[in-house]
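Let's take a walk through a protein together. Have a look at the structure, and then we will go through some of its parts one by one.

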Amino acid sequence: MKFFFFPCSIGVRCQTRERYALAVIDERGAKRLRSGRTKNKIVFWNFPIFRGISYFFLGIWALLSAFWDAAKLSPTVGEGVGDKISGKLNVKKESVLISFLLVSSLIISLFLFGYVPSKLSFLLIGMSMNFALRNFLIALTKVFLFFVILLILRFIPAMQDLYKFNGACNQVRLRQGSSLKNDKLDHHTPFNVLNIIVFTFLLSIFVITCVGISLAWHFNILVNLAIFLACAAVSFEICYFAEKNKWTRVLAVVTDFFVSAKPNITHDEIARVALNEAKLSTGEEKVKEKEVPLSSVLAEMQTELEKAGKYEKSDVEWIIATVLNKSRAEAKLVKSFQPKEYRDIMKATAARASGKPLSAIFGFVEFYGLKFDVNKKVLAPRMETELLVEEVIKASSGKKGVEILDVGTGSGAIAISVAKFTKAKVSAIDISKGALSVAKANAEKNGVKVEFIESDLFNKLKNRRKFDIIVSNPPYIRSLDIEGLDEEVKNFDPRQALDGGEDGLDYYRAIALQAHKYLKKGGELFLEIGQGQFKDVEKILTDNGWSDVSNKKDYSKIIRIVRAKHDKRK
């Protein structure tokens, strides 16, 4: 298991085998972070039994470390007895206080979960009956009293946030960092540190009482300690394997109910901040006082977008890179943001959550490494169209004097990208004056020369004009399907750039019928098509004398690109 979570009353510690990150929310409601290298690691992870004992003590240490680190992030922590002791012993203050907390916790636990249930059990059961039966009944009584104490603790206000943060840890781990609601019980899970500790105490109380060893006091301690460690190991393995199946995970509610509670958005977000920081932090960088850490921004953006059903990791990266005016690669190196940058990022995130496409939010898109201004007059180019550009560039590379025609250029993305990365002479046609004005501005902005012609398909081209390659990404949505498209598509992209007629194939028929007249001998046609359209487009092409029809799939394994030559003898 890669990430381990340890809750505290105001936050969450997420730990890997190399480093840890603690995210807390202070009394002012601000998120605060602390990260560093992990000093205490789980040993013998690949060895059952041993790993359980290691995890039990690491878990207690990490819990206490989380409480201590959370206290240090609070401005109210001052000098005290811990400073004097650490000075005299020449050890770190953290070690002194955590050790003190550890010993105190063990004493309180033994008193609450050992001494108190034992005394009450003996008073209730007495000493007169059969040894084995008496011990068994006493063990059951202790278990019952154990649950009563857990139930009382659950209603103590100071413990409630601890349990909610524990629920958030479970939730984030099961959802792999997502904030979406999948299951009503996904804040309950067997494999969490509080549940394993409870399970260990529960099992050890029952077993030690049933065994009822009665030797010299020091032998009693050793034997009971051995039983306790065995119970810790067994509890770990039970919880570890119970989590692997959704049905056995339901059994966790029996014990985990007492140590996990349903988190709210803030608890969930803090757990994801800790997870993000553990993933991103090297343990060396420091976030300045007024800056907002990347891990916190990512969690907030994810919450906002997932609630609206708009979460895409690529969108998050683009928003951050655009606000910072950096490339995506450069933006990934940024670990914190100035307050204004943070506000701009969240403003853009809110706009994206409301249904606005990124092109409408920022007024441009990034395509094939270039920036293109877009508006409602043109269709914003999609990532899959980059494959079409890539195929055209490959087909023209290494050739001299190549002439290429882009049919229905829109923003000019295809024509300009091809012109930028080849030595070809590129022309582009479109029926829309508004689209051509956008395309011309984009060509100038990207420093390329493209001939733009206002034409309804090939109508304004002279018959003598011949090209080596004709490329097109025509409208291919069926007319009746347009109203069912996402709001961000039908409300922000021009209908003319979407509507492909009754069956979505009108433009393919027109191109297949006319394009060969404008191709040189051996010239090729490249088309982008919609999902499930290949067979129909292939038939349209072959019926009109095109041959060598081939296809290429996009990143989602959907046939997206069609390539063909024309046999003019047919």
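Which residues have the most contacts inside the largest nonpolar core? Keep in mind that this is a predicted model. The core in question has 56 residues, and Ile320, Ile404 and Val450 are those with the most contacts inside it. Leaving aside residues up to four places away in sequence, Ile320 touches Leu294, Leu298, Met301, Ala331, Phe337 and Ile345.

Now let's turn to the strands. Strands of a sheet pair through backbone hydrogen bonds, and they can do so in a parallel or an antiparallel way. Here, seven strands make up an open sheet with mixed pairing, and their order is β11-β10-β9-β12-β13-β15-β14. At the edges you will find β11 (451–454) and β14 (546–553), each of which pairs on one side only. On average, neighbouring strands of this sheet are turned by 20° against each other, direction ignored.

Strand β14 runs antiparallel to β15 (residues 559–566), and six bridges join the two. Serine 547 stands opposite lysine 565, which belongs to β15.

Helices join the picture too. Helix α16 (residues 385–396) packs on the sheet, where α16 touches β9 (403–407), β12 (467–472), β13 (519–528), β14 and β15. The direction of α16 makes about 160° with that of β13. Helix α17 (residues 413–421) lies across β9, β10 (425–430) and β12, and α17 runs at about 175° to β10.

Definitions and conventions:
Residues numbered from 1 in each chain as written. Predicted model: local features only at pLDDT ≥ 70, side-chain atom pairs only at ≥ 80, totals over all residues. Heavy atoms only, no water. Core = buried A, V, L, I, M, F, W, Y, C linked by side-chain atoms within 4.5 Å. Buried < 20%, exposed > 50% of the residue type's maximum accessible area, 1.4 Å probe, protein only. Contact = heavy atoms within 4.5 Å. Pairing = 2+ DSSP bridges. Helix = DSSP H or I, 4+ residues; strand = E, 2+ residues; numbered from the N terminus. Axes fitted to C-alpha atoms, helices over the stretch in contact; angles between N-to-C directions.
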